[in-house]
Amino acid sequence: MRKFSDKIFEEITRELAFIWSAHRVHKLDGKMRIFTPRSVKVWDNSDPGLEVWFGPGDIPAVIKKLKLFYRSAETPNSVYLLDPIVYKISPSAPPRALGSGIVWATAVCPEGEEVSDQVLERVHELGIYTSLLHRGDNQRAGIKMIGYLKQAAPSLYKGPPEEGGIIQGVQELADLVSISDASDVSRHYILSGLEYHHSTGDIQSISYQQIHGEKSFTSMADIESHAIHLRNVVAAGTCWNAYERDTWIYGLFGADLANLERNLAQKAASDEMIARICNEIDLICESNKRVGLEGKMRLYSSINQDRWRSKTEGIEFWITGDNSQEAARQIGELYNAGKLPNTPLLLDPVVYKEGAQRQMLPVGISIVYTTGISVGLEEFNPESLERIHNLGLMTGEIIRAGDEASGLKVLGFLDEAYHFSPEEIEAYKKELQDLIDSLQEEEDPLKPKIAEISIEDDEDEDEEQEDETEDGEESEDDKTSEEAAPEEKSEDNVILDVRPSPGGRELFNIINCNGTEYWHTYMLTGMEYLCTNGSFANLKMDQGLPDSKEERAKIIEQHTISLQYVLDAGKCWEAYDRMHPLWQRFGVDVKNLDHNLEYYNLCGRDFKLLNMTGESREDGDETFEFFAKGWIPKAAVTVLVATGGTGKSSLAHRLAVLASIDWRDDEPNPMFLGSEIDKENCKGLAVYLSGEDSAAIVNARAKMIDPEGRSTRLLLKCSNEFDPNPDGSEGTLADFLHYLDKLPDVAICVIDPARKYLIGDEDDAEVVGDFFEAIEEFAVKKNCAMIVVHHMTKGAKPKDSRDMLDLLRGSQVFIDRPRVVIGLYRDNAHTIAGLAKNNIPPGLGMVEGERIFVRDPERLDLFWVPGPEGVRTFTVSEEELKTIREEAQAKAKAMEEDEKSKEG
């Protein structure tokens, strides 16, 4: 508290003079009064009901009376308040209130509370000057406020009220402070320096000079230059109350009274969003508890702008079942009230526990989920929704710019927790240390540092901060403000990106969309996320997110699934070549998978015939993805076979080069054998494995194919030798492809030629089968085109591409395993191309017949000769058909006799 002295009355003199100056600016001619309240409920008074009227020239006399009334140098006897209203005094009538040139308010905090910096910021934004009230050791026990008005404000009362006058704006200003004191002292103007007996303890407004700080008010012009509009104060208080005194919402919209209704609607949307987030976190926390997982989950923003864009990178804080409300609130504050994403936080639903070195290590997970975002022009097929619902899982449509077919969020609850193995945890630790090392090596001062927001109390940290303050090691200027750079995280708290959900990739494959970089991230319901492919939102889940614990338990029970069932579903979907009619017909049936596929083959791989056989089913729209339309499917193996000198390596190399160029939107699609390659398929890396040609030859050829050097995403390896495995065994093609699994997106993989990458004889069916097993797995996993260059027998001279199957070198597996075999051969100056084999269902657009091309030796390209003369078609005469039939019967009879002889 400030010790009483005569200087206090000098300050009161200046204070009253300034207030009268503000009144005179508006030509308010009359008198103010100093009074003591009649009630002693709030203020302790020895002289209740005392009042002294004074005009501008009466200030010395008033000060003299105050000195007389005060009667003590240490403790006040009565509370003397100022009524800042100007009154017209008449001997024959009661005082009549004229108005005031200032707006004011006072607020006293309950014991144990204090005025926050946020309060001061809100008030100062309006041009209001403040002085903090002291009570004992609490130097923020309350606040005194004053603002000079551009226009005089009329009193709300015709005569002087007993407890002090009031104008519009006083209550609104007091409301803006949002102090929860039961005693209403908002209209009471406390004089600077005096000590007042309040029901919560003695308080004091230290100094009038503290109100203005360094600002100089020496004239009426100074007051006018710092005057404010009362309507702004009223608008601020009105909006503050309308926003239910929500700091975040007020900070977002401010005192925007004109658009209050619109802003309130947005606030309602934000409140709904926060409620959904809270319910969703509670739902997953209860799922964790149900299967015995204990620990913390995490909310985070990416540590860079890769995939997910955030204003503030690297935010993370930990959540449990006890603080979901605070977590949801923190999300809302970062998010900008559910409208435009600022820093939308993702959920990491893995449960973590603190390790020996304070590292948060993954324990397990109780849910299975995936995020299927369709990038580019692709939209997810409604059949995707049908497949997921067949599994009994929850879904939420992902929307982009109003398009409800932009993706799908999937959520299910495991019947038992998936616990991370010791090997997985050790691998995580290594990744964690690699990340820490990379952060330590970061030298770019402009790159934002990783920030941490914690919503949990840490007593040790609080004690350390208090010690630093007491020792004087941290000054006020050093304290972090909201505008300061976020604090750099310690090594102990650095964490990696979200752990993928077991079964999540299988669910993503079942959705069958192309946003492979997003499948393992968890978008919270109700929020909009900005990513590298646009702005996406998951606004709601199909089953809702109830706020009742009992209803949430029902949701979990309804959508519980075993992890093995999810893995089996993914296996079946891939075995069906991602064909929805097969899924509809056979579903998740791992036990009979081979039988079902054999049944499909018996129907000629024809869906119409399949639906006509056995149980009657409706036809569905079949979708199929091409890399090169009509020639090369995605997620399958295509063998490119040609006679010597045809340029098959150049053609395969050209495919890889075209797939690794960043094509502009205004450029036409690149071409392959007269058909388009969709530019959307040229987004990831292109892999080219050359087992025969040296890097010099390959690079020279690349300059001919791509003279401008635009092929920037080509991964080239000119060798059939691979690094040894960690166990010391010799590296193989299969090992290398597993190593390439880390690539987020692969457009095409070319292997040239096959025999260089076989581990054994090309005539050995088992050797060739292992080769195809590895490349098929990679093609399906990466949904990429897999091109294998293969040779023909020496001296082979096919008459058409159909003959080439009989002229292939090596095992029959080279014919049986690929989905497509493209054959090329020379006919004088022309190159002829056609499909020697095609296991793609009819009607999906595969090339029919043969095409004739001329070769461009400068670009190593083939140009299709258009018109009827450039097309060869296969025709089979009755005589040829008879011969083929007889040959097939003779071959079957010979095989039957051979089997009988073995049995004999």
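A salt bridge is a side-chain nitrogen of Lys or Arg within 4 Å of a carboxyl oxygen of Asp or Glu. Keep that in mind for the first stops. The model on your screen is predicted. A search of the whole structure turns up 27 salt bridges. Side chains of opposite charge can pair when their charged atoms come close.

**Stop 1: Arg33 and Glu51**

Select Arg33 and Glu51. Their side chains form a salt bridge, with 2.8 Å from N to O. Now color the strands. Arg33 sits in strand 1 (residues 31-35), while Glu51 sits in strand 2 (residues 51-54). The two residues are 18 residues apart, and the pair links distant parts of the chain. Is Arg33 buried or exposed? Arg33 counts as buried, at 3% relative accessibility.

**Stop 2: Arg552 and Glu286**

Next, select Arg552 and Glu286. These two form a salt bridge, and their closest N and O atoms are 2.9 Å apart. Arg552 is buried, with a relative accessible area of 6%. Glu286 also counts as buried, because its relative accessibility is 17% and the cut-off for buried is under 20%.

**Stop 3: a network**

Move on to Arg664 and Asp666. Their side chains meet in a salt bridge of 3.2 Å, N to O. Arg664 is partly exposed, at a relative accessible area of 47%. Asp666 is exposed, at 63%. Together with Arg664 and Asp666, they are linked in a network of salt bridges.

**Stop 4: helix 18**

Select residues 593-602, which make up helix 18. Which residues are buried here? Leu593, Asn596 and Tyr600 are buried. They cover an arc of only 65 degrees around the axis, so they lie on the same side of helix 18. Turn the view to the other side of the helix. There, Asp594, His595 and Leu602 are exposed. Then step just past the end of helix 18. Gly604 has a positive phi of about 70 degrees.

**Stop 5: the nonpolar cores**

In soluble globular proteins, nonpolar side chains tend to be buried together. The largest nonpolar core in this model has 137 residues. Select Leu16, Leu191 and Leu299, the members that touch the most other members. Helix 9 gives this core its largest share, 9 residues. Zoom in on Leu16. What does Leu16 contact, leaving aside neighbours within four places in sequence? Its contacts are Ile34, Phe54, Ile59, Val62, Ile63, Leu82 and Leu191. A second, separate core has 42 residues. Among them are Tyr688, Val698, Ala833 and Val847.

**Stop 6: strands 24 and 25**

Finish with residues 685-690 and 714-717. These are strand 24 and strand 25, and they pair in the parallel sense over 4 bridges. Show Leu689 and look across. Opposite Leu689 stands Lys717 of strand 25. Now trace the chain from strand 24. What does the chain pass through on its way to strand 25? The path runs through helix 21 (residues 695-705). This β-α-β crossover is right-handed.

Methods
Residues numbered from 1 in each chain as written. Predicted model: local features only at pLDDT ≥ 70, side-chain atom pairs only at ≥ 80, totals over all residues. Heavy atoms only, no water. Buried < 20%, exposed > 50% of the residue type's maximum accessible area, 1.4 Å probe, protein only. Arc of directions from axis to C-beta. Core = buried A, V, L, I, M, F, W, Y, C linked by side-chain atoms within 4.5 Å. Contact = heavy atoms within 4.5 Å. Pairing = 2+ DSSP bridges. Right-handed = clockwise from strand over helix to strand, strands pointing away.
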